[in-house]
Amino acid sequence: TSMDAIKPVQTVVLPCDVSSISFNTPTSNTTTPVISDPSTLSALQKASDLIQSSSLVVFPTETVYGLAANALSPTATSLIFQTKGRPQDNPLIVHISSLSMLPRLIAPDFQIPPSYKVMMEEFWPGPLTLLFPCNKSVVPREVTAGHDTVGIRMPSHPVARALIAMSDLPLAAPSANTSGRPSPTRASHVADDLQGKVALVLDGGPCGVGVESTVVDGLRGDGHVRVLRPGGVTVEDLKRVLKGVKRVRRDEVEKGNTHGDDGVAYSASLGSKQGGGEANGDDIKVLEGFKG
């Protein structure tokens, strides 16, 4: 069955020269990587082949190292849970390399709200995950843990973006550690922890941010934006572009449905045009999951 023990594999760590990767399109609408270093190109091609064959690859992002799989494959995404020992009710964040990958992942009738356009313009590529209504015919249940929403972000790390673009697939990727262990910020952390469980680790050096991405839900009709998990984009960063960020007391958050470790949420709005008023406890929905 799918829950059988994973057969041991030889774990190979391949270095990638981050400075050799550039993108010949300045906007994030489409992404074509240009890789000048042959060994980096070869490493990324190997990784891309593994992703396309529904295997797992560890790659660096600007936040932490991620355990990546083809986000559209139930088989591949199931492997993530087995490899990490991760509870199945914990959803996975989907990583894209360009905005052109977004439409097929989200509900066809979803209109991107003004707050999302502001945040995507300001913080993508970067350590910000936004919740979207998911296209259930495309995104496997393994990724969403049965929720109606999917968390999506566009990483800024050149190795991450290049792998996604070369695979031409969105990648589901939680942190590349056994559940309960610290999130890895170096390839050596991953090799120590997941030795024999994953075939390839792309070594792009230490991660710059070192904390997980911030998870934001702006799907409520009140125009508020809620921070479900604080992370690499701070509440202060969000305050710069959105008005009225508010911390919500722990006891106001839905019981048993907290997000992250401390059950804290924040809310913000674009101001009176997008629905004003302060969030109260009834408005706050904090989705379970997105933890390492």
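**Helix packing, backbone exceptions and the nonpolar core**

In helix α1, residues L41, L44, Q45, A47, S48, I51 and Q52 meet V159, A162, L163, M166 and S167 of helix α6, where contact means heavy atoms within 4.5 Å. Eight of the residues in this contact are nonpolar, four are polar and none is charged; here Ala, Val, Leu, Ile, Met, Phe, Trp, Tyr, Cys and Pro count as nonpolar, Asp, Glu, Lys and Arg as charged, and the others, Gly among them, as polar. The model is a predicted one, in which local features need pLDDT of at least 70 and side-chain atom pairs count only at pLDDT 80 or more, while totals for chains, interfaces and linings use all residues. Residues are numbered from 1 along each chain as its sequence is written, and side-chain values use heavy atoms, with hydrogens and water left out.

Helix α1 spans residues 38-52 and helix α6 residues 158-167; the two pack at an angle of about 55°, with their axes 9 Å apart. That makes α1 oblique to α6, given that angles under 35 degrees count as roughly parallel, over 145 as roughly antiparallel, 65 to 115 as roughly perpendicular and the rest as oblique. Axes are lines fitted to C-alpha atoms, for helices over the stretch in contact, and angles run from 0 to 180 degrees between N-to-C directions. Helices (H or I, at least four residues) and strands (E, at least two) are DSSP runs, numbered from the N terminus.

The backbone also deserves a look. Most residues other than glycine have a negative phi, and most peptide bonds are trans. W124 and P125, however, are joined by a cis peptide bond with omega about -5°, and P125 lies in the loop between α4 (114-123) and β7 (128-133). S54 has a positive phi, near 65°, and sits in the loop between α1 and β4 (57-60). A145, in the loop between α5 (141-144) and β8 (149-153), has a positive phi near 55°. S54 is partly exposed, at a relative accessible area of 23%, and A145 is partly exposed at 22% (buried means under 20% relative accessible area, exposed over 50%, partly exposed in between, with a 1.4 Å probe and protein chains only).

W124 returns in the largest nonpolar core, which has 71 residues; M119, W124, L130, F132, I152 and L202 touch the most other members. Such a core is a set of buried Ala, Val, Leu, Ile, Met, Phe, Trp, Tyr and Cys residues joined through side-chain atoms within 4.5 Å. Leaving aside residues up to four places away in sequence, L130 touches Y116, M119, M120, W124, V150, G151, I152 and V216.
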